[in-house]
Amino acid sequence: MTTAAPHLLIEVDGRPATEADLRLRALDTYGHFTALQIRDGRARGMDLHLARLDGATRELFGTGLDSERVRAALRHALDGVRDASARVYVHWQDAPDRADPAATAEAADAAATTSSAGTRGSTGASTSVSTGTGGSGGGGTTLMVTVRPPAAPDGRAKRLMSVPYQRPVAHIKHLGGFAQIHYGRLAERAGFDDALLTGPGGLVAESAIANIGFWDGASVVWPDAPVLTGITMALLEPRLPAAGLPSVRRRVTLSDLPRFRAAFLTNSHGVAPVAGIDGTVFPGDTALLKTVTELYEGVEWDRV
């Protein structure tokens, strides 16, 4: 039976999140995540999401992350929900201190909850989810999955305000995005939709929550700067040339903006046009946006 996505569901390693689980994540922002739109139990670019999680886990924690463990955790959290917004977060959890009776009891309770959670599922069949922490006896990776209602672009052209900030370790979708939220809110208060992150010399990087592509009339230009290569961008970039849209990565600065005819944002919600940045207004290109949007919507959905 298909069920509606909850307002917010949180599972950790295949069981409902406990107070201890949330306390760990409230106090430890060293981790990373990926965000997916789920439709009919499938996601676009699933292999790219899994590769992102594995690569970041290796870089941050020195160990890989099994793709089947991630898939199982997602399926367990969805539990019959076909359309949703989902996220998978990865943290490192140290082994409980055996000299601390409270920690030991808490770990035992969590293990018991995980075992019983293995029977949950819309079909009534056992769907056990391994914690799969791996690593040495000192601890291991722990997965948190959140499920919310599905999201989609609202179709509005976005206006961006440039700000002097670039994300540290930009190639990882890491936690602790205070500055992104801060500058995004400043942009909204100033009447814009989002912030555009820039570096020294007005070097354009990305928006606070999306990649940005520009159209100069001949090529789609992706800023050559420290950025997170989003899944939507990664899916679009290799498909553009076959649609007659050459794609290049090139240094873009704020002073270059008047040379472009159009711009667009890409993130897990899809593709959105950019009306302008600061005082620069783009003429726009309906045909370009239509082609880019159709290319993305034509990407096959993968089984979770």
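Arg-159 stands opposite Gly-276 in E14. The model is predicted: local features need pLDDT of at least 70, side-chain atom pairs count only at pLDDT 80 or more, and totals for chains, interfaces and linings use all residues. Residues are numbered from 1 along each chain as its sequence is written, and side-chain values use heavy atoms, with hydrogens and water left out.

Strands (E, at least two residues) and helices (H or I, at least four) are DSSP runs numbered from the N terminus, and two strands pair if DSSP finds at least two bridges between them. Strand E7 (residues 158-164) pairs with E14 in the parallel sense over 3 bridges. Strand E13 (residues 262-267) pairs with E14 in the antiparallel sense over 5 bridges, with Asn-267 opposite Gly-270; a hairpin of 2 residues joins E13 to E14. Strand E15 (residues 280-281) runs antiparallel to E14, joined by 2 bridges, and Val-281 is the bridge partner of Gly-276. In the hairpin of E14 and E15, Asp-278 takes a positive phi near 55°.

E14 (residues 270-277) is largely enclosed by the rest of the structure, because 7 of its 8 residues are buried. Buried means under 20% relative accessible area, exposed over 50%, and partly exposed in between (1.4 Å probe, protein chains only).

## Helix H1

In helix H1 (residues 19-27), Ala-20, Asp-21 and Arg-25 are the buried residues. They cover an arc of only 135° around the axis, which puts them on the same side of H1; the arc is that of the directions from the helix axis to the C-beta atoms. Glu-19, Ala-26 and Leu-27 are exposed on the other side of H1.
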